[in-house]
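Please read the points below with the model open beside you.

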Amino acid sequence: MDFILDKIKGTIYGQAIGDALGLGTEGMTDEDMAWKYPNGITYYSDIFQDRHRKRWKKGDWTDDTDMMLCIANAVIKDQGVNLTSIAKNFKDWADGDPMGIGNTTYKVLGVGDYIEKPFEASKKIWEMSHCNLAANGGLMRTSIVGIFPKAVETCAANICRLTHYDPRCVGSCVIVSELIHCLVYNNAGLSYHQMVDIALKYDRRIIEFIDLSLANDIRALELQDSDSDGYTLRCLAAALWSYWHAKSFQDGLLAVVRAGGDSDTNAAVACAILGAKFGFKSIPAHYIEGLIYKEQLDSVIEGMKTLILKTI
């Protein structure tokens, strides 16, 4: 169990660290980063406090990890997956002060009877976009689902659909959740062909971005493309790129963060995978200690550990 726990801690802390450091380059191009980070960005203390970023303290995470914690805390409280409880946590969070909340999430959670009919609300907002709304807001929070001891695909799909109904979003969440699950419990990830098999169950368009993730140079992913930097499949490609290519947790973290674009989300997903792959012990201590709300992560880790011990 110690081996599994190290990977669970790595997943949860990895998500938060990627999110917190990724905030530093969120929305930036190479030109922006050359001006604001002439020596690159490595530490939370490096984060340039412009009008957007100064809303957070250095070492804080964004909505990506907030929503992951909404899922985790509901599951721990219920000692299992209750979609209504998760939806309620999402709604309660959104009714507070949800800095950085995504447009799709905001619209879905704003539907009047969301808690009673979350899937209907999610589908309605998706259909209103002519079925072309495939943002990364479901993917950014799915890492915790990979830690579930069973029914990962069903849980990942349903939890995604609570706000993001598009099959590209759902397939993205299933691939990442299943990948994390295999890394945590089997110490082996998914193969390219296993990912493609999952993609074919949801949307063939996913395959193009699995293929894209195989490129040696992260610049081939075009993560700064302003028309698609919040696209679930571009985020998936960034996360899978780190899975295939990163030699260590920090190597993958810095590569994705320094690639710019929607870097807090890209790095949150990528580093959850890297934490599951390399383990908590592989994460440099300054990234862990620099998180200003890490006691929330420790609470979730203990809660998930207790729940998992009952089922394995």
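1. Helices (H or I, at least four residues) and strands (E, at least two) are DSSP runs, numbered from the N terminus. A pocket here is an open set of points on a 1 Å grid over the protein atoms alone, where a 1.4 Å probe fits, with protein on both sides within 12 Å along at least five of seven lines; lining residues have an atom within 4 Å of a point.

2. This is a predicted model, in which local features need pLDDT of at least 70 and side-chain atom pairs count only at pLDDT 80 or more, while totals for chains, interfaces and linings use all residues. Residues are numbered from 1 along each chain as its sequence is written, and side-chain values use heavy atoms, with hydrogens and water left out.

3. The volume of the largest pocket is about 500 Å³; a volume is the space filled by probe spheres set on the points, which are joined across faces, edges and corners. It is lined by 29 residues, of which G102, A135, N136, G230 and D262 are the closest to its centre. Elements giving two or more residues to this lining are α3 (63-78), α5 (103-109) and α14 (263-278).

4. By class, the lining of the largest pocket has 14 polar, nine charged and six nonpolar residues. Ala, Val, Leu, Ile, Met, Phe, Trp, Tyr, Cys and Pro count as nonpolar, Asp, Glu, Lys and Arg as charged, and the others, Gly among them, as polar.

5. The second largest pocket has a volume of about 160 Å³. Its lining has eight nonpolar, three polar and one charged residues; F148, P149 and M304 are among them.

6. How many salt bridges are there? The count is nine, a salt bridge being a side-chain nitrogen of Lys or Arg within 4 Å of a carboxyl oxygen of Asp or Glu.

7. Buried means under 20% relative accessible area, exposed over 50%, and partly exposed in between (1.4 Å probe, protein chains only). D166 is buried at 0%, and R168 is buried at 4%.

8. In the bridge between D95 and K91 (3.8 Å, N to O), D95 is exposed at 54%, whereas K91 is buried at 18%.

9. K294 and E289 meet in a salt bridge at 3.7 Å, N to O. K294 is partly exposed at 22%, and E289 is exposed at 54%. Elsewhere, salt bridges with shared partners join K36, D50 and R53 into one network.
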